[in-house]
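Please look at the structure before reading on.

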Amino acid sequence: MGNAKKISVLISGRGSNLEALLEAIDAGRIHGRVVRVLSQRADAAGLRHAEKRGILTTVVDVKAYPTRDAFDAALGDAVAADAPDLVVLAGFMRVLGAAIVQRFAGRMINIHPALLPSYPGLHTHQRALADGVKWHGCTVHFVTPEVDVGPFIGQSAVPVLPSDDEATLAARVLEAEHRLLEDAVRWFCADRLSVEGQMVTLRDALPAPVSCQQPQG
Ligand code: GRF
């Protein structure tokens, strides 16, 4: 096995996906290490979890930059300083411009709380409930300049129950996010992913499952 991959994680808030990743790394389920957690908001609670674990954190304060491009350039420099192998957008709630996305092309992934291509953008749970869909879920994908569109690494579906409101559905999806993000990062760190156009292939995968459960890694 090669060197543990260096991972940078970008967050905007609570950081439960970050926590799930850190637990998986601590438990030896991912051959990687988080070198830094970055946020555009100093008050992102996830930064505190990272600090408690002794992980370096950096705030690139969005308010300190006059334009989106200037912010993206500063954020890109802060990320690139660690030369990460992988950049994980884990609840990072800013749309990134084409320049920074291209800078980390093929090594930047995002977790989105919906089964793309359904429900890109915001308020996914509310929209899924309003449409009366029976299944909802999450997607991990490589980031490309078009928002929530890049090649899909994995998806995990959860049922929508008649009793659901936005909070209960969000909680069910979030649990699925934690497992899916762990899988995706483990596969990336083990060099098991290859991308051709929109298609991501997982090397040495078990036979495709017949149900809608996510494939085993
Ligand atoms: C997650 O649902 C993520 O998919 C969405 O924002 C939420 C962030 O949660 N974009 P957390 O900060 O990882 O707890």
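In which sense do S1 and S2 pair, and over how many bridges? S1 and S2 are parallel, and seven bridges join them. Within this pairing, valine 34 in S2 is the bridge partner of isoleucine 7.

The model is predicted. Its seven strands form an open sheet with mixed pairing, in the order S3-S2-S1-S4-S5-S6-S7. Strand S3 (57-59) and strand S7 (152-159) are the edge strands, each pairing on one side only. From one strand to the next, the twist averages 20 degrees.

| Strands | Sense | Bridges |
|---|---|---|
| S1 and S2 | parallel | seven bridges |
| S2 and S3 | parallel | three bridges |
| S6 and S7 | antiparallel | seven bridges |

Leucine 38 stands opposite threonine 58 in S3, and histidine 136 stands opposite valine 158 in S7.

S1, H1 and S2 make a right-handed β-α-β unit. S2, helix H2 (residues 45-52) and S3 make another unit of this kind, also right-handed. Helix H1 (residues 16-26) lies across strand S1 (5-11), strand S2 (32-39), strand S4 (86-89) and strand S5 (108-112). The angle between H1 and S2 is about 160 degrees.

Why is S2 described as largely enclosed by the rest of the structure? Seven of its eight residues are buried, so S2 is largely enclosed. Buried here means under 20% relative accessible area.

Conventions
Residues numbered from 1 in each chain as written. Predicted model: local features only at pLDDT ≥ 70, side-chain atom pairs only at ≥ 80, totals over all residues. Heavy atoms only, no water. Pairing = 2+ DSSP bridges. Helix = DSSP H or I, 4+ residues; strand = E, 2+ residues; numbered from the N terminus. Axes fitted to C-alpha atoms, helices over the stretch in contact; angles between N-to-C directions. Contact = heavy atoms within 4.5 Å. Buried < 20%, exposed > 50% of the residue type's maximum accessible area, 1.4 Å probe, protein only. Right-handed = clockwise from strand over helix to strand, strands pointing away.
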